Amino acid sequence: MLALTLTAELIGVTDLHPLDTSEEPYFYTFKVQCTSCRETHPNWVSISRFESTEISGSKGEANFVWRCKACKRESTASIKDAPKTYTHTSPPTRQTIIEFDCRGLEFTEFQANGEWLAKGLETPTKFTAIDLVEGEWYDFDEKSGEEVSIKDIKWEIRRA
């Protein structure tokens, strides 16, 4: 089991999470490495919890099925549950966003492509279309009259 964790400084916002519904799935984007030969795939790969692929030679399915070009071994990854929200803490703490059951592969890097959502820390304001690719995000909460931000973003892939 691997977990994607996030540590970030949330100012004026809380409950950060990816927009990940069956109508608008989030594609988690990673660099992937074979655990047999340690070869790293040269391209980024994407995985959605709403898409499944059959595992060859098995009746099972996984959200991501990959065959290593170097050693030809087939590997799989499945998303265990819906993503968790990252809540405001002071100081910022590492929190798990999503967990993967990986067999024969490891995710080594994460790229926050896609839309994220959050809400005001002390207001009912909902923030949509949050882009975390640049490693920070800034906006203005009209209800509080304050600038809000997400800074010092640190993604980690850890053993769960």
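Modeller: Start with Asp-15, which forms a salt bridge with Lys-119, their closest N and O atoms 3.2 Å apart. A salt bridge here is a side-chain nitrogen of Lys or Arg within 4 Å of a carboxyl oxygen of Asp or Glu. This is a predicted model: local features need pLDDT of at least 70, side-chain atom pairs count only at pLDDT 80 or more, and totals for chains, interfaces and linings use all residues. Residues are numbered from 1 along each chain as its sequence is written, and side-chain values use heavy atoms, leaving out hydrogens and water.

Biologist: How many residues apart are Asp-15 and Lys-119?

Modeller: Asp-15 sits in strand β2 and Lys-119 in strand β11. Strands are DSSP runs of E, at least two residues, numbered from the N terminus. The pair links distant parts of the chain, 104 residues apart.

Biologist: Is Asp-101 buried or exposed?

Modeller: Asp-101 forms a salt bridge with Arg-103, with N and O atoms 2.9 Å apart. Buried means under 20% relative accessible area, exposed over 50%, partly exposed in between (1.4 Å probe, protein chains only). Arg-103 is exposed, at 53%. Asp-101 has 17% relative accessibility, so Asp-101 counts as buried.

Biologist: Which side chain makes a polar contact with Thr-123 at 2.6 Å?

Modeller: Thr-123 lies in the loop between β11 and β12. A polar contact is a pair of N or O atoms within 3.5 Å; within protein, one must be able to donate a hydrogen and the other to accept it, and residues adjacent in sequence count only if both atoms are side-chain atoms. The Thr-125 side chain is a partner at 3.1 Å. At 2.6 Å, the partner is Asp-141.

Conventions: Helix = DSSP H or I, 4+ residues; strand = E, 2+ residues; numbered from the N terminus.
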